[in-house]
Amino acid sequence: MTKHVVFQMADEVAALLADPATAPVGSDTTTIHRQQLAYGPTGIALLHIERAARGLGPWKHAHAWLAAAARQPFTSGSDSHPFYGAPALAHALACMAEHHPGPYQRALDALDAQLTADIHRCIDAAHRRMDAGLLPTLSEFDAVRGLAGYGAYIVRRDPASDAAKAVLGYCVRLTEPVTDNADVVPGWWVASGPSGRQDERFPGGHANSGVAHGVAGVLALLALAARRGALVDGHRDAMRSILSWLDRWREGAGQGSVWPYWVTRAELREGRLAASAPRRPSWCYGTAGVSRAQQLAALALGDTSRQIEAEEAMVSSLTDPAQLKATTDRGLCHGTAGLAHIAARAAADARPATAGQLRATITALLMTVCPAGMGPTDAALAEIRADAGPGFLDGAAGMALALHTPATGEPPQCAWDACLLIA
């Protein structure tokens with residue numbers, strides 16, 4: 001019954017967001033956020049692409065949202081990034097072209113050429129920065145704004161390309177330690193706070209652990225590339241370096257392990273983490289995302305012991321009352337729908353014992369999606385009109401999209417979640 005109800009809610013979200021001209025959304029969706037994958041029409045298009053590929057809706061809804069996005073030119077070059085501008089449109093068009101290559105191929109070819117140029121530009125700048133002995137910014141390497149995000153796209157589209165090899169080579173070099181103010185820090189240490197700006201709460205900067213903005217995204221990219229046969233010199237050693245760092249900062253919680261969102265300069269110098277309250281497991285920063293990245297790395301390296309540890313950590317994070325209590329929304333990025341999707345993706349790759357445990361967490365996660373006493377239609381409309389809005393990363397479209405695989409047990413029919421570096 002739970003899976004039926006949440007799937008009905010996904011149907012209702014899709015129906016309410018069928019047409020950009022009549023959808024109950026603010027004008028920001030197609031104006032201010034037009035180029036944003038996280039909040040705009042390209043993210044909503046992903047919901048309709050996946051549903052059409054599953055035979056749950058017509059392709060015209062996906063086309064309508066893509067058309068709404070593309071009425072004006074998209075930003076490219078240094079003002080764009082994987083979740084904004086031409087790269088965001090390219091991700092959605094690539095998903096569409098998996099099923100309808102003809103009408104979209106010319107536009108996609110042009111976008112691929114632009115993204116290839118942008119990738120090489122970013123990598124050249126990154127190597128100049130490394131040569132000068134400077135620290136990176138989060139936006140240089142992360143999954144949302146940086147080269148891990150570009151890598152997610154190009155490794156899926158053309159894993160043998162020079163651009164893919166260049167991104168992977170950059171990721172390998174990023175794992176080399178550097179000396180900063182007499183401290184030996186990992187190559188992904190940044191001088192800023194997690195926002196990417198200077199922050200007095202982070203004197204000396206930090207090392208970010210998450211998939212969205214930290215080194216787990218780099219690890220996931222290296223692992224996914226290796227599983228596709230795209231390897232560069234130092235590839236496996238780079239994965240092991242990241243895993244060694246994560247091992248250093250692993251802590252016990254519930255029946256498994258957790259990883260900090262970040263490590264500060266003071267914690268690095270003291271060799272231990274400051275005490276903190278339980279944190280939500282989440283894709284963007286939490287243990288669900290970090291453990292999925294480690295599971296992928298273990299599979300790429302053939303490391304059965306690490307695979308078991310990663311899967312057990314995920315099971316624990318999705319059943320620990322303290323961590324689940326910290327999860328207060330239903331979205332894709334850091335909510336329960338996103339956790340259910342990650343659990344389903346991880347279960348498909350897991351060893352039999354933990355696969356069953358992971359699947360067993362899904363029902364409880366899905367139960368939180370449609371609040372008790374509220375029907376699917378009202379719940380869907382409330383989600384669209386909530387502060388998170390109708391979009392992909394935090395909003396209703398992403399929530400609905402994330403329900404399909406856990407509710408059906410079937411993998412996505414288009415690579416919509418490739419931008420998340422979880423598959």
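Entry 1, second largest cavity. I noted that H7 gives the largest share of the lining of the second largest cavity, three residues. The model is predicted. H7 and helix H9 (215-227) each supply at least two residues of this lining. I listed the lining residues as Ala 152, Val 155, Arg 156, Leu 221, Leu 224, Arg 228, Ala 418, Leu 421 and Ala 423. Sorted by class, the lining of the second largest cavity holds seven nonpolar, no polar and two charged residues. The volume of the second largest cavity is about 40 Å³.

I searched the whole structure and found three cavities of 30 Å³ or more. The largest cavity has about 110 Å³. Its lining counts 14 residues, with Pro 82, His 91, Gly 149, Tyr 153 and Cys 419 nearest the centre. Helix H4 (86-97) and helix H7 (147-157) are the elements that give two or more residues to this lining. H7 provides the largest share of the lining of the largest cavity, five residues. I recorded eleven nonpolar, two polar and one charged residues in the lining of the largest cavity.

I looked up helix H5 (residues 101-131) and helix H8 (residues 162-174), whose axes come within 10 Å and cross at roughly 25 degrees. H5 is therefore roughly parallel to H8, as angles under 35 degrees count as such. The crossing of H5 past H8 is left-handed. The contact includes Ile 119, Ile 123 and Met 130 of H5 and Ala 166, Val 167 and Tyr 170 of H8. I counted nine nonpolar, three polar and four charged residues in the contact of H5 with H8.

Methods:
Residues are numbered from 1 along each chain as its sequence is written. This is a predicted model: local features need pLDDT of at least 70, side-chain atom pairs count only at pLDDT 80 or more; totals for chains, interfaces and linings use all residues. Side-chain values use heavy atoms; hydrogens and water are left out. Axes are lines fitted to C-alpha atoms, for helices over the stretch in contact, and angles run from 0 to 180 degrees between N-to-C directions. Helices (H or I, at least four residues) and strands (E, at least two) are DSSP runs, numbered from the N terminus. Angles under 35 degrees count as roughly parallel, over 145 as roughly antiparallel, 65 to 115 as roughly perpendicular and the rest as oblique. A crossing is left-handed if the near helix is turned anticlockwise from the far one by less than a right angle, and right-handed if clockwise. Contact means heavy atoms within 4.5 Å. Ala, Val, Leu, Ile, Met, Phe, Trp, Tyr, Cys and Pro count as nonpolar, Asp, Glu, Lys and Arg as charged, and the others, Gly among them, as polar. On a 1 Å grid over the protein atoms alone, a cavity is a set of points where a 1.4 Å probe fits but cannot get out, and a pocket is an open set with protein on both sides within 12 Å along at least five of seven lines; lining residues have an atom within 4 Å of a point. Grid points are joined across faces, edges and corners, and a volume is the space filled by probe spheres set on the points.
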